[in-house]
Amino acid sequence: IFYLEQHNRYKGAISALFVSYTQIIATTFFGIAGAIYFLVEYQAAGNSWQYLIWLAVALIVLLFFLVFKKSIIRFLMVKNKHVLTFLRTINRYKDIETLSLIGLSALRFCVFATQFVLALYLFGLQVPFVSAFLLVSLIYGIQTVVPASAISGLGIRGALSVYFIGLLVQSTSAILTATYFIWIINLLIPSVFGIVALLASPVKY
């Protein structure tokens with residue numbers, strides 16, 4: 001975004017947010033699949049159904065806005081310049097483009113979830129691939145609806161991983177190691193490179 005022309009940065013940021021929005025939809029969908037697997041396979045009761053309910057509600061709300069975004073924008077009758085720019089930028093995406101973004105987001109999610117399962121194998125945990133994939137999907141899905149910072153989110157992910165992956169194999173240390181390994185690969189290292197790139201860039205912010 002910082003490498004865009006000054007007058008295009010705001011629209012670029014909005015487009016990036018919209019892409020994140022489609023990623024949330026894909027993650028929530030897979031999270032629901034993981035929740036259904038967990039509830040059926042382990043006959044979970046009590047508060048466990050809340051995971052599925054919250055994920056389902058989140059997905060319905062997200063899809064509702066996606067389907068009716070044009071009508072919602074017209075209904076709001078917003079006059080604020082920045083809000084109008086935000087809404088108009090989102091409205092520029094055609095349905096086919098939005099579906100393509102959701103498809104790419106789903107593919108991206110599958111890559112990350114598979115990466116997590118392979119990390120479990122890397123650290124010596126022999127788990128059924130499909131079961132692990134669905135439980136990892138549930139972990140990511142819960143994290144989507146539970147707001148947290150990058151640091152606190154790491155602790156939440158670790159606790160969720162120990163609980164859910166622990167249903168497949170009893171090895172807390174290995175599960176946490178795999179969890180933190182993925183966090184370092186996917187978040188920490190890219191963040192460090194991003195900071196270095198910003199500091200070294202001649203572009204004025």
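These legends go with a set of close-up views of a predicted model. Local features need pLDDT of at least 70, side-chain atom pairs count only at pLDDT 80 or more, and totals for chains, interfaces and linings use all residues. Residue numbers start from 1 along each chain as its sequence is written, and side-chain values use heavy atoms, with hydrogens and water left out.

**View 1. The overall fold has 8 helices and 0 strands.** Along the sequence the pattern reads α-α-α-α-α-α-α-α. Helices (H or I, at least four residues) and strands (E, at least two) are DSSP runs, numbered from the N terminus. Of the 205 residues in the protein, 36% are buried. Here buried means under 20% relative accessible area, exposed means over 50%, and partly exposed is in between (1.4 Å probe, protein chains only). Take the contacts with a separation of 6 or more: residues 24 or more positions apart account for 68% of them. A contact is heavy atoms within 4.5 Å.

**View 2. Phe30 and Phe109 form a stacked aromatic pair.** The structure holds 13 aromatic pairs, and in this one the ring centres sit 4.7 Å apart with 15 degrees between the planes. The rules: rings of Phe, Tyr and Trp (its six-membered ring) pair if their centres lie within 6.5 Å, and planes under 30 degrees apart count as stacked, over 60 as edge-to-face and the rest as tilted. Phe30 belongs to helix α1 (residues 9–41) and Phe109 to helix α5 (residues 95–122), so the pair ties together parts that are 79 residues apart in sequence. Phe30 counts as buried at 15% relative accessibility, and Phe109 counts as buried at 3%.

**View 3. Phe123 and Phe181 make an edge-to-face pair.** Their ring centres are 5.5 Å apart and the planes meet at 75 degrees, which is why the pair counts as edge-to-face. Phe123 sits in the loop between α5 and α6 (129–145), while Phe181 is in helix α8 (residues 172–200), so to speak a link between distant parts of the chain, 58 residues apart. Phe123 is partly exposed at 31% relative accessibility, and Phe181 is partly exposed too, at 32%.

**View 4. Ring pairs join several aromatics into a cluster.** The members are Phe29, Phe30, Phe109, Phe116, Phe129, Phe133 and Tyr140.

**View 5. Thr22 is a buried residue of helix α1.** Its relative accessibility is 0%. A polar atom of the Thr22 side chain lies 2.6 Å from the backbone oxygen of Val19. Leaving aside neighbours within four places in sequence, Thr22 touches Leu101, Ile102 and Ser105.

**View 6. Helix α8 has a kink centred on Ile184.** The kink is about 40 degrees, where the bend at a residue is the angle between axes fitted to the seven residues ending there and the seven starting there. With 29 residues, α8 reaches 40 Å from its first C-alpha to its last, close to the 42 Å expected at 1.5 Å a residue. That expected span is 1.5 Å times one less than the number of residues. The buried residues of α8 are Ala174, Ile175, Ala178, Thr179, Ile182 and Trp183.

**View 7. The largest nonpolar core has 43 residues.** A nonpolar core is a set of buried Ala, Val, Leu, Ile, Met, Phe, Trp, Tyr and Cys residues joined through side-chain atoms within 4.5 Å. Leu120, Leu125, Val136, Leu138, Phe164 and Ile165 have the most contacts inside it. The elements giving two or more residues to this core are α1, α2 (48–67), α5, α6, α7 (150–164) and α8. The largest share, 10 residues, comes from α1.

Technical notes. Polar contact = N/O pair within 3.5 Å; in protein donor to acceptor, adjacent residues only side chain to side chain.
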